[in-house]
Amino acid sequence: MTFRSRLFWVFTIALLLSVGVIAAGVTVVARRAFDELNRQHSEALVAQFEGEFQRRGQDVVHRVQGIADAEGTVRMAIDLSRPKADVSVYVNDARGVSQSHQLDFLDFVSTDGAIITSNEWPARFGYKMDWLTQPQDWVSVGSFLMKVDTQDGPALGLMAVSTVRVGDRDLFILGGERLGKEFLHSLVLPAGMRALLYMDLDPNFQPTNLVDASGSVADGDRLASFIEQERQQPQERTFRIAWTPDPASAEAFHALPLLGRQKELLGVLFVGSSQQEMVKLEQRIRDLALAVVAMGLCFGLLLSWWGAARVTRPVRELAEGAREVSEGNWGARVQVHGRQEIGQLATAFNRMTTQLTEQREQLVQAERVAAWRELARRLAHELKNPLFPLQTTVENLQRAKGQSPGQFEEVFKESTGILLSEIEHLKNIVGRFSDFAKMPQPELGPVNVNEVVRGVVKLFEAQFSAVGRPPISTELHLAENLPEIQADAALLHRAIENLVLNAMDAMPAGGVLMLRTTEQDGSVDLEVSDTGGGLTPEECDRLFTPYYTTKQHGTGLGLAIVQSVVSDHGGRISVESETGVGTSFHLRLPVKPHLRTASSHPQEPAAPVAAGQPEPKPTEPPAGEEA
Amino acid sequence: MKLRWSLFLAAISIAVLLAGGARASRRPRYGGALRVEIGAVVRSLDPAGTSPDTEEAEARSEIGALLYDQRNSDGTFAGVAGSGAFHIAAWESGKHLTLAVNENYHAGRAFLDSIEIEMGRSAKDRLLDLEVGKTDFAEIPPEEARRTSERGVRVSTSKTQELVALVFVPGRPAAENPRVREALGRSIDRTAIVNFILQKEGEPAGGLLPQWSNGTAFLFSTSADAGGAKDLWSQIGASPRIVLGYDSGDSLGQAIAERIAVNARDAGIALSVEPIATPAPSRPSYDARLVRMPMTSSHPREALASFQAALVPLSGLDAVPLSAAASSEQIYERERSIVSGYRVVPLVWLPRVYGLGARVRDWKVPAAGEGWPFADVWLEQESQ
Amino acid sequence: MRPPRRILPSIFRSIVAVVFFALAARATIAQTPGQLPHAWSEAVFTLAEKISAALGTSHTFALELNEVSTVAAIDPASIRQTLEDDLALRGAKPAAAPADAQVQVTISQNLAGFVLVAEIRRQDAQQVAVVPVATSDELPPQPGPEPGIQRKIVWQQAVPILDFLQVSADSHRMLLYFLEPDRLVAYEFDDGAQVLRDAQPVARRYPSRDLRGHLIATDAMHVSAFLAGMRCDASWNPSFSVECRENAGQQWPMGTVSWTSSPARNYFQGSITFSNDLQAKFPPFFSSASPSPETTGLSSSRRIVAGLDGQAELFVGNAEPASNFEGWGSDMVSIASGCGSAWQVLVTGSGDWTEKDQIQLYEIRDRGAAAIGEPFELTGPILALWAGEDGRSARVISRNLESGMYEASMVSVSCSN
């Protein structure tokens, strides 16, 4: 993830979090404010309901008392106080009296609790209302809620009882008003609020018993569970209902249980407050937050772009410079922007590449000097060996001049022969150096590595078992169906030949030479192992350095040539060696090499790797090439 | 030795003569038009015509008794219209009928000159008109008799001669369960219906015939047994809901049906009431219905036969013919067999109640099956 | 004071006529208890046959006799006795419960006449037998001609009168006794001439603002006065003398019913024993009336009492009132008017003593009372109403609100046609 992206996301998340927290906070505060407002409204409505309830109750009490005080009622009471009074004459009286006093419910009940006449259920005469005959101060009771049995089923009534006493006999007048939608209609409700009344008249929840001021309530069964709670434990409750998936349909309710004389639940008043305004406010807050976030995102995008321009571009330039350095361009430089951390970093980078270049030049110079010294030492060593016989021979000739001509002739003849031989030797030495200097560019063609290996082994078969030399056995592990690679067969033969020679030189006491070919990921691997004395790690490090040799008579060019061939084929060479066990060379040759020309990659060497080292260590350029 | 009225009358005459100052008897006065109001709307005076409206059929029968001289045993009339004490003077179908006296009626001219019959007058209007003297004669609902009398209207009440019964509709699931029928039948408090709804104008009915008819009505229990009904109802597995129908427009039937619903509810029986439209639907939605059956004869056998004939199609009872010489015992047994299955549950017997104007004299309550005896009625001359 | 000279001869004539009528009627319908008319005997015999058949092998039965007919002119006890005798002849014996069978016989009535209905319950079986009483040769009870009430004032005076009595000493002389609150007065009418014979004080033990008193004549020379807590016997031996003593037990001789006065009050208490040996104790009452078996054929176990609450209650054979009548006054008396055979009762109005009173004749049928004819208006309140000696008239003490005089009068009922 780029710094820009990271910066963008960090900024965005920070913005989201801050805006979210603010929006949530505002929402919570707003909701609390609304809830408080709703609570106040609900309490006001409940208080209004209770006030209206009491007012209606007082009205009912007055009207029932008015009936009790009426002359007709007193006359009835006097008549009924007589023994064996005929109550049947009054069986239809309740209807007219209730109409004149505008009461929905009216019952005249005799002193034994039997209904004399009933307005709400005329056919119920004669049935007992024993609860009325219980000793009770009905004046102090006032009005009360009651489940009233009517002809059309139970109803909820706001009732009052009055008595007319004649002698020791009472005439009870039970009257009241129906509590229903008409009652709710009389309540003055603030906007967004409504009152629902559930009349608990049936054992189970009945949606038809739930009414509002206009009649039945749609989806009233959603309140069933709350009504059940009130049934279980009557108390004031608040809750919220979302009528539809739209949050604006939510409604907060305040439930007020309505109890009868025996504290039994007879109804529940629900004061509902629409949450639409609050949801709208929340919506506005959310929209505002989203707008802020969107603006923040845009701002973040611009900021991240600007930040990238200010922060990531120097870093990217640094990364580019580092990459160039890693590719060998040690002279890479980055532009320094400002004096802050990035600027200081760029300055340090430039200082580092400058120092690296200087150090590399010093190192190259040192190595070049060392190479030249080595070369000089080798040349001196190589040349000193033939020079000493030349010098001796010439000295012999000088001394033979004084001898007899025959002797002189003999000496002369012997000495010229030696001189020629040594001069030839010198020519060979010069020729080998010349050959290394003139390594040809490979001419690629399909080459079967196994065939090349077999050719090399066949070339040296005689030497492996030469007389007077400890035998060397060979083991070939050549992979079947090895793909042909694009290579120069002669150079490859020469490289393998050098490796075999190197192995033979490493096994003066004989041993096992093992050659193995395998296919690996579009490349052909070749392993050449011996069971010689092995190399030290230091030797391994310098093994491919030209003119470096561990042998008494080596030129130090064999493995350098191998490395050069492998490199020219786009391959890699590495070495594993353990002292006393042997040495293995691993060549990896691509099937289709992407050759680097000297012009295009003049300094790209092959990458010999010494086993046991953490990273492949690039070999230094051959001194000869440098030279 | 027999008590002879002649001896009584002679003795009384002597006593009156001896005592002196006896008030002279009032002899009938000829003349006047009797104003009659009825609730029915009579659209046809054809004696053979049929009407689904029971009230119209009864009114037509009453009018027929004034128009025709002879009556057949089945209640229809013989002869020609106008052969009776009165003939039709003016006829406005469904509204008004004027009957004029037959001057040469063979049984003697009626005292009235004419009878004016106003139709379609509601019970409330009839009562009001009686009270203010706007009419001389109107039949009034039995339950209004006491109140009407208390308002100063002369009231004449017959013997109980109309049966109100609950009849289960055959084929309905609830009606085919004997326990359902018995439970409902036993739950009904007939005495309360008589005392309160009928204002004591009537009698609880356990059998089909009133006590005065066969003398055995007391053998049928009329008491309510809510406990027994409750036990019976609890034995019914899937308790059905009973729908009790009553004729629409029959306020008394409605009041009785609603009281039955209260009684049933007290016994735990689920019962609802509903009015039955006229004419009754071919596929009733009710399990039982209230029927009002006027007695067509005072004779117990004939009355029972007519009840049975009316009940057979309604209740699915077997039509068992009743011998013309059936004894009181046999009549009782037949009654018992009809009501024992609770397919027919007699409720109350009703009297016929008539409101009379102050000037009406010599009004005699007609017996069951008899028409209004307007031929014997006379009107007292109103003071100038 | 209006002299009664012109009034008494007409009263005398009417009394003679009524006595004649009463004797004639009694001769025609009187029955000896235990003997049933032939038609009833036949019906009971047939009923016994049916009951016996229904009883089968049951040898004992418990018989219960009820009466739902209101005008049966037969004593139920006679029917019971006859039925038990007939059943005994068939091998069934009456027994108290538990018996082999329960037989409930009801005297009922239908359109054709009386019927005897027997319900025989044996174990779980029930059988009903209905036997009509063939009464085709007897007239069914028919409403008589509309009667009228007549009143003849016998005496007027300023002193209150509790009761009065007129008896014939011989063919020319008639004695008239007046019971006043403090004395018993005797007048003699000799061929229309009024003579005050004597007046003797009577002891009054209990003061009352509504004092009640009643005179009973053993014969023309012997009269007993019943007052609150006292009984005074008057006799001419040879002079008019009155001997008063405390009425132990407060018994007032009134018909077949044992009355007990409440001397400190103005009402009575009493009890009646019905034919089924059931004794009913009445609540306190002002007056009572029962039908005359001779004139109505009804059992004397029927009785109407005028209660203190303004309601009159009818008892028919048991202790529970069969019905009650409203709007009746506090005094009533049975009267045999001769207008029909039904039980007729004269009843005072329901007003108080500041109002004019009235007398209404009622006919008791089917446990209901039907007012017969128009009520008879008086000039003031009725203070006492007692049955006449002949059963066909009534003695009325009233006070004329216009003159303030107390009036003693005879009231009778005559048939209008």
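**Entry 1: helix α6 of chain B**

I began with helix α6 of chain B, residues 190-197, and found that 7 of its 8 residues are buried, so the helix is largely enclosed by the rest of the structure. I note at once that this is a predicted model.

I listed the buried positions of α6(B): R190(B), A192(B), I193(B), V194(B), N195(B), F196(B) and I197(B). A residue counts as buried here when 20 or more other C-beta atoms lie within 10 Å of its own.

I then asked what covers the buried residues of α6(B). The cover includes β9 (203-204), α9 (251-266) and β13 (344-356), which belong to chain B.

I also looked just past the end of α6(B), where Q199(B) takes a positive phi of about 50°.

**Entry 2: confidence**

I looked up the scores for the complex, and the predictor gives an ipTM of 0.80 and a pTM of 0.57.

For chain C I recorded a mean pLDDT of 76, with 75% of its residues at 70 or more. I next asked which elements of chain C have the lowest and the highest mean pLDDT. Helix α1 of chain C (residues 8-29) has the lowest, 37, and strand β28 of chain C (residues 393-399) has the highest, 92. Residues 1-33 of chain C have a pLDDT below 50, and the model gives this stretch 56 contacts beyond near neighbours in sequence.

I noted another stretch of chain C, residues 136-145, where pLDDT stays under 50. For residues 136-145 the model has 18 contacts beyond four places in sequence.

**Entry 3: chain C as a whole**

I checked the elements of chain C and found 4 helices and 29 strands. Chain C has 417 residues, of which 45% are buried. I also looked at its contacts with a separation of 6 or more: 53% of these join residues 24 or more positions apart.

**Entry 4: a sheet in chain C**

I followed one open sheet of 4 strands in chain C, whose order is β23-β24-β25-β26 and whose pairing is antiparallel. I asked which strands stand at the edges. They are β23 (332-335) and β26 (368-377) of chain C; each has a single partner strand, so one side of each is left without a neighbour in the sheet. From one strand to the next, the twist averages 25°.

Methods: Residues numbered from 1 in each chain as written. Chains lettered and ligands numbered in written order. Predicted model: local features only at pLDDT ≥ 70, side-chain atom pairs only at ≥ 80, totals over all residues. Buried ≥ 20, exposed ≤ 12 C-beta atoms within 10 Å, placed from the backbone. Helix = DSSP H or I, 4+ residues; strand = E, 2+ residues; numbered from the N terminus. Contact = placed C-beta atoms within 7 Å. pLDDT = per-residue confidence, 0-100. Pairing = 2+ DSSP bridges. Axes fitted to C-alpha atoms, helices over the stretch in contact; angles between N-to-C directions.
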